[in-house]
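Try each task with the structure open, then compare your steps with the worked solution.

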Amino acid sequence: MILIADVALAGALLLVAAVFLRSEEVTRAHGLLPAWAIRAAGLIEPVLGVAVVGVWLWGHPGRHVWLAAAVWHTALAGYLLVLLRVRGRVPCGCLDAVTPVSPVKAGVGAVWAAASAVMATGTVPLPETAPVRLLHLALAGFAALLAVVAASVSSVSSSSPRRRIR
């Protein structure tokens, strides 16, 4: 069950990282959201990510914070699906200005949303000691890195020409 927390924390860490890696110009180019919503998202994402990490490190259940993260990740996954349908495989602007939107990225967002929703229910017990919570935060960082690499590999392999093998 604690792996659910690691997955949810990975999503939160990427919300924090998004402030450093995301290109708001790419999101503006989609033409799907008003400028004020893009600016607000740029502020909300890192604050929400830091809040999740904070309640985790503090050892507080923070159900309302996990619920907000679940709602946010659901909205992001939905946005990616709409973007894919409306604009096709354009750069999504999630973590860079190059990688195109894909069903895999939307799926990862849905997994983060589900894990955060489970954390909001309080069914996953928090580790009692700070060192163990720090260890899980490190594992979540590794999981976030794996998710980014997997999404990048998926986008590269899906855009590569197919070879025929006889």
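**Exercise 1. A nonpolar patch**

Task: Find which residues form a nonpolar patch on the surface, and state their accessible area together.

Solution. Keep in mind throughout that this is a predicted model.
- Step 1: Look for Phe142, Leu145, Leu146, Val149 and Val153, the residues that make up the patch.
- Step 2: Take their accessible area together, which is about 480 Å².
- Step 3: Pick out one member, Leu146, and locate it in helix H6. Its relative accessible area is 47%, so Leu146 is classed as partly exposed.

**Exercise 2. A salt bridge**

Task: Work out how many salt bridges the structure holds, and which side chains meet in a salt bridge.

Solution. 
- Step 1: The count for the structure is 1 salt bridge.
- Step 2: The partners are Arg28 and Glu24, whose side chains come to 3.4 Å, N to O.
- Step 3: Now place the pair along the chain. Arg28 and Glu24 sit 4 residues apart in helix H2 (residues 24-30), so about one helical turn separates them.
- Step 4: Check how open each partner is. Arg28 is partly exposed, with 37% relative accessible area, and Glu24 is also partly exposed, at 25%.
- Step 5: As a general point, side chains of opposite charge can pair when their charged atoms come close.

**Exercise 3. A buried arginine**

Task: Arg133 has no salt bridge; what is the nearest side chain of opposite charge, and how far away is it?

Solution. 
- Step 1: Find Arg133 in helix H6, which spans residues 130-159.
- Step 2: Arg133 is buried, and the nearest side chain of opposite charge belongs to Glu128, 7.9 Å away. Arg133 therefore has no salt bridge with Glu128, as the cut-off is 4 Å.
- Step 3: Look for a polar neighbor instead. A polar atom of the Arg133 side chain lies 3.2 Å from the backbone oxygen of Leu57.
- Step 4: List the contacts, leaving out residues up to four places away in sequence: Arg133 touches Trp56, Leu57, Trp58, Gly59, Pro127 and Glu128.
- Step 5: Pro131 and Leu57 are 74 residues apart along the chain, with 9.2 Å between their C-alpha atoms. Pro131 itself is exposed, because its relative accessible area is 58%.

**Exercise 4. A buried aspartate**

Task: Decide whether Asp6 is buried or exposed, and name what it touches.

Solution. 
- Step 1: Asp6 belongs to helix H1 (residues 2-21).
- Step 2: Asp6 is buried and has no salt bridge; Arg133, the nearest side chain of opposite charge, is 11 Å away.
- Step 3: Beyond residues up to four places away in sequence, Asp6 touches His136, Leu139 and Ala140.
- Step 4: Follow one of these contacts. Leu139 lies in helix H6 and is partly exposed, at 41% relative accessibility.

**Exercise 5. A leucine in helix H4**

Task: Find what Leu76 touches, not counting residues up to four places away in sequence.

Solution. 
- Step 1: Go to helix H4 (residues 63-87), where Leu76 is found.
- Step 2: Its contacts are Leu15 and Glu45.
- Step 3: Leu76 is partly exposed, with a relative accessible area of 29%.

How values were computed
Residues numbered from 1 in each chain as written. Predicted model: local features only at pLDDT ≥ 70, side-chain atom pairs only at ≥ 80, totals over all residues. Heavy atoms only, no water. Helix = DSSP H or I, 4+ residues; strand = E, 2+ residues; numbered from the N terminus. Buried < 20%, exposed > 50% of the residue type's maximum accessible area, 1.4 Å probe, protein only. Lys, Arg positive; Asp, Glu negative; His and termini not counted. Polar contact = N/O pair within 3.5 Å; in protein donor to acceptor, adjacent residues only side chain to side chain. Contact = heavy atoms within 4.5 Å. Patch = residues over 30% accessible without salt bridge, like charges linked within 9 Å, V, L, I, M, F, W, Y side chains within 5 Å. Areas by Shrake-Rupley, 256 points an atom, 1.4 Å probe, with all protein chains shown as cover.
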